[in-house]
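Hi,

Here is the structure I promised to send over. Have a look at it first, and then read my notes below.

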Amino acid sequence: KGGTGLERRRDVDWVRTASMLGVIFLHASSGFVSRPSRFSLLGMTPALLCNQAARFSVPVFFLLSGLGLGLSRREAGLPGFWLRRIRRSVLPYVLWSAFYFLQSSHFRVSALVSHGGLRAFGRLLLTGGAASHLWFLPVLLQLYLLYPALKWCMRACPLATLVLSFLISLYCTLVICVPLPFPPWWRVRLWRL
């Protein structure tokens with residue numbers, strides 16, 4: 001048994017492995033996406049094709065996280081749930097964000113003060129802006145915040161919860177992807193969230 005009270009599932013391990021490889025392809029190809037190439041398939045360079053084919057990987061990691069939470073047999077209550085999330089996700093995120101924040105100022109205290117200090121650090125924590133590859137942690141933490149309420153809603157009114165979730169997702173997609181008359185400040189904030 002693993003630490004979550006679940007039997008080890010090979011199918012989940014295979015999906016996790018495929019997602020890890022996808023993330024590696026995503027990052028490895030990103031530096032080459034905008035470079036010209038003599039080869040093209042469906043109007044895309046090989047790097048862009050690899051990059052786009054690997055886009056499944058990050059959403060799958062979010063789904064696997066939710067699957068793990070949903071299948072977990074632990075019923076330690078909300079305090080236990082939050083303590084595990086803080087230990088496994090929040091603390092490492094805060095520590096790595098602090099490291100990148102300090103690194104950006106070359107570890108000089110005077111530079112930290114000129115960059116806005118704790119207020120700027122707090123803003124970076126909320127947005128995942130301390131380093132570009134940390135963006136997914138604030139998203140994951142938002143999902144962890146919503147999870148207990150979503151779990152309750154799914155038990156109480158599953159159909160209404162699914163329909164409302166779909167409508168919220170559709171609205172967010174429209175705001176981000178379709179040129180509708182939404183205020184620019186809302187589009188930027190929604191993209192961050």
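Let's begin with two helices: α1 (residues 10–30) and α2 (residues 46–53) pack at an angle of about 150 degrees, and their axes are 8 Å apart. Helices here are DSSP runs of H or I with at least four residues, strands are runs of E with at least two, and both are numbered from the N terminus. The axes are lines fitted to C-alpha atoms, for helices over the stretch in contact, and angles run from 0 to 180 degrees between N-to-C directions. That angle makes α1 roughly antiparallel to α2 (under 35 degrees counts as roughly parallel, over 145 as roughly antiparallel, 65 to 115 as roughly perpendicular, and the rest as oblique).

Their crossing is left-handed, a term used if the near helix is turned anticlockwise from the far one by less than a right angle, with right-handed used if clockwise. On the α1 side the contact is made by F25, L26, S29 and S30, and on the α2 side by A47, C50 and N51 (contact means heavy atoms within 4.5 Å). By class, these residues are 4 nonpolar, 3 polar and no charged. For those classes, Ala, Val, Leu, Ile, Met, Phe, Trp, Tyr, Cys and Pro count as nonpolar, Asp, Glu, Lys and Arg as charged, and the others, Gly among them, as polar.

Before you go further, keep in mind that this is a predicted model, in which local features need pLDDT of at least 70, side-chain atom pairs count only at pLDDT 80 or more, and totals for chains, interfaces and linings use all residues. Residues are numbered from 1 along each chain as its sequence is written, and side-chain values use heavy atoms, with hydrogens and water left out.

Now for the whole chain. It has 9 helices and 0 strands. Of its 193 residues, 25% are buried (buried means under 20% relative accessible area, exposed over 50%, and partly exposed in between, with a 1.4 Å probe and protein chains only). Among the contacts with a separation of 6 or more, 59% are between residues 24 or more positions apart.

Leaving out residues up to four places away in sequence, S19 touches F56, S57, V60 and F61. P36 sits in the loop between α1 and α2 and is exposed, with a relative accessible area of 82%.

Another helix pair to look at is α3 (residues 57–71) and α7 (residues 136–156), which pack at about 30 degrees with axes 11 Å apart. These two are therefore roughly parallel, and their crossing is right-handed. F62, S65, L69 and G70 of α3 meet F136, V139, L140, L143, Y144 and Y147 of α7. That contact has 8 nonpolar, 2 polar and no charged residues.

Finally, the cysteines. How many disulfides does the structure hold? There are 0, where a disulfide is a pair of cysteine sulfur atoms within 2.5 Å. For C153, the closest cysteine sulfur is in C157, 7.4 Å away, which is too far for a bond. C153 is partly exposed at 27% relative accessible area, and C157 is partly exposed too, at 43%.

Happy exploring!
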